[in-house]
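User: I would like to learn how to read a protein model step by step. Could you take me through some features and show each one in the case at hand?

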Amino acid sequence: MKATNVKPATGKLGVMVVGLGAVSTTFITGVLMARKGLAKPVGSMTQYDKMRVGRGAEKKYLHYKDIVPLADLKDIEFAAWDVYPANAYESAINAEVLKEKDINPVKDELLAIKPLKAAFDKNYAKRLDGDNVKQCKDRWDMMEQIREDIRNFKAEKGVDRVVVLWAASTEIYVAPDMKYHGTLAALEAAMKANDTAHIAPSMCYAYAALKEDAPFVMGAPNTTVDIPAMWQLAEETKLPIAGKDFKTGQTLVKSGFAPIIGTRMLGLSGWFSTNILGNRDGLVLDEPANFRTKEVSKLSTLESILVAEEQPDLYSDYFHKVRINYYPPRNDNKEGWDNIDIFGWMGYPMQIKINFLCRDSILAAPLCLDLVLLIDLAHRAGRYGTQRFLSFYLKSPMHDYTVDEVPVNHLFQQYVMLKNAIREMGGYEADEEID
Ligand SMILES: NC(=O)c1ccc[n+]([C@@H]2O[C@H](COP(=O)([O-])OP(=O)(O)OC[C@H]3O[C@@H](n4cnc5c(N)ncnc54)[C@H](O)[C@@H]3O)[C@@H](O)[C@H]2O)c1
């Protein structure tokens with residue numbers, strides 16, 4: 001074991017969440033309940049998983065917190081921004097994810113989390129019409145106001161470190177355009193020129209976070225930090241960033257199941273994925289421009305696991321389709337169907353059907369916790385730029401597409417990357433290969 005230079009997790013960790021909807025309130029309520037011993041943080045790797053460190057006689061299986069210094073749940077302070085003025089208690093009740101009996105024991109703490117005014121532009125989410133919104137002269141001013149919120153939160157709550165997590169609605173699709181997103185100077189010029197078509201509000205949050213020494217995590221599929229200008233800012237400010245889009249339900253299944261087909265050298269002729277969901281996320285995604293952002297993110301998973309160029313007989317011509325349908329009666333209880341058309345020996349066709357009756361926010365909450373704790377760790381370990389080891393949690397992992405880097409979507413390869421990064425930060429050798 002080598003000595004490490006990871007700073008200890010002393011003092012309070014401020015978690016500022018963009019969006020105070022279903023995912024955020026489920027995450028926050030769960031953390032508050034867990035630290036009182038009233039609920040279990042099931043699904044969280046940082047709270048449960050053990051991994052091997054060392055080899056041979058030195059081999060041990062340890063919890064992450066016994067390998068690296070992670071912030072304790074007791075040291076977390078929350079804040080949030082939202083377009084709607086409802087506090088975290090009201091919002092948790094409205095979301096109808098958790099039962100009142102699982103919310104009421106932390107009611108006072110939730111009531112105290114009142115959303116800060118959102119940096120919002122209705123053109124980016126037409127179906128939202130809340131009025132808890134900042135008045136901004138231009139995008140630069142929007143960003144400056146967010147910076148002020150972060151500074152005020154630090155001072156008021158006495159927090160030592162802040163992480164900003166986007167768990168707000170999916171914005172309309174902003175295609176990366178090198179003219180505006182290619183360099184930091186171009187991005188800043190576009191913000192100052194109030195170029196609202198190329199600068200999404202989420203970019204203002206990310207820029208502000210990085211300028212205020214706060215790592216930034218993008219939990220929706222928004223373009224935001226997935227542009228060279230933001231990579232440059234993260235390098236300059238020496239801050240870690242991660243994104244994008246929590247890998248929770250159907251894509252988790254896909255990235256775990258596709259390796260079965262690929263490992264057994266079975267062929268694929270089609271994969272049709274459809275969902276019904278009825279929460280506000282579903283409502284926003286019912287808008288074609290917002291769905292487009294999600295579609296791009298969901299489609300990318302399969303192509304990098306079952307690769308046509310590597311196995312032209314098996315994967316050169318499959319049809320991959322993803323659909324999301326807004327269906328209010330189900331609320332947060334999403335139902336996903338996957339129909340997978342495969343073929344075997346001599347080309348004979350077969351089918352696999354997967355029907356996942358999941359709960360969106362229940363799956364997303366532990367990811368929020370892990371991403372926040374691990375990106376805070378990465379910052380204390382001096383890591384900066386895109387944190388590829390967090391791809392494990394993300395549907396559409398950030399990668400340098402300007403040099404044709406291929407992202408790792410294979411769930412088990414991503415798990416190796418996660419473990420190796422933690423080993424390294426803990427002073428152990430990163431000793432598992434991914435091929
Ligand atoms: N739950 C999952 O399994 C899952 C998986 C992947 C990604 N996501 C993403 O997580 C995000 C949150 O999902 P949810 O179910 O909590 O949605 P939600 O609609 O319940 O909550 C989102 C909240 O964000 C607020 N908001 C929108 N724009 C904002 C802005 N600019 N600033 C501040 N607040 C803003 C909305 O008012 C809303 O209250 C969505 O983008 C969703 O696509 C969720």
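**Reading the model**

Analyst: Let us begin with N194, which lies in the loop between helix 7 (184-192) and helix 8 (201-211); helices (H or I, at least four residues) and strands (E, at least two) are DSSP runs, numbered from the N terminus. This is a predicted model, in which local features need pLDDT of at least 70 and side-chain atom pairs count only at pLDDT 80 or more, while totals for chains, interfaces and linings use all residues. Residues are numbered from 1 along each chain as its sequence is written.

User: What is the phi of N194, and is N194 buried or exposed, or in between?

Analyst: Phi of N194 is positive, about 55 degrees, although the residue is not a glycine. For burial, one counts the other C-beta atoms, placed from the backbone, within 10 Å of the residue's own: 20 or more means buried, 12 or fewer exposed, and anything in between partly exposed. N194 has 14 such atoms within 10 Å, and is therefore partly exposed. E96, in the loop between helix 3 (88-95) and helix 4 (107-111), also has a positive phi, near 55 degrees, without being a glycine, and with 14 C-beta neighbours inside 10 Å it counts as partly exposed.

User: Which residues does a cis peptide bond join?

Analyst: The cis bond joins G243 and K244, with omega at about -5 degrees, and K244 is found in the loop between strand 8 (240-243) and helix 10 (250-263).

User: How does one describe two helices that pack together?

Analyst: Two packed helices are described by the angle between their axes and the distance between the axes. Axes are lines fitted to C-alpha atoms, for helices over the stretch in contact, and angles run from 0 to 180 degrees between N-to-C directions. Here the axes of helix 7 and helix 9 (residues 228-237) come within 8 Å and cross at roughly 110 degrees. That makes helix 7 roughly perpendicular to helix 9, since angles under 35 degrees count as roughly parallel, over 145 as roughly antiparallel, 65 to 115 as roughly perpendicular and the rest as oblique.

User: Which residues make the contact between helix 7 and helix 9?

Analyst: Two residues are in contact if their C-beta atoms, placed from the backbone, lie within 7 Å. Helix 7 contributes L184, A186 and L187, and helix 9 contributes A229, Q232 and L233. L187 is buried, with 24 other C-beta atoms within 10 Å, and, leaving aside residues up to four places away in sequence, L187 touches Y180, H181 and A229.

User: Which residues come nearest to the ligand, and how is the shell made up by class?

Analyst: A residue is near a molecule if its C-beta atom, placed from the backbone, lies within 6 Å of it. Of the 36 residues around the ligand, G19, G21, V23, A220 and R280 come nearest. Helix 14 gives the largest share of the shell, 4 residues. By class, the shell has 20 nonpolar, 11 polar and 5 charged residues, where Ala, Val, Leu, Ile, Met, Phe, Trp, Tyr, Cys and Pro count as nonpolar, Asp, Glu, Lys and Arg as charged, and the others, Gly among them, as polar.
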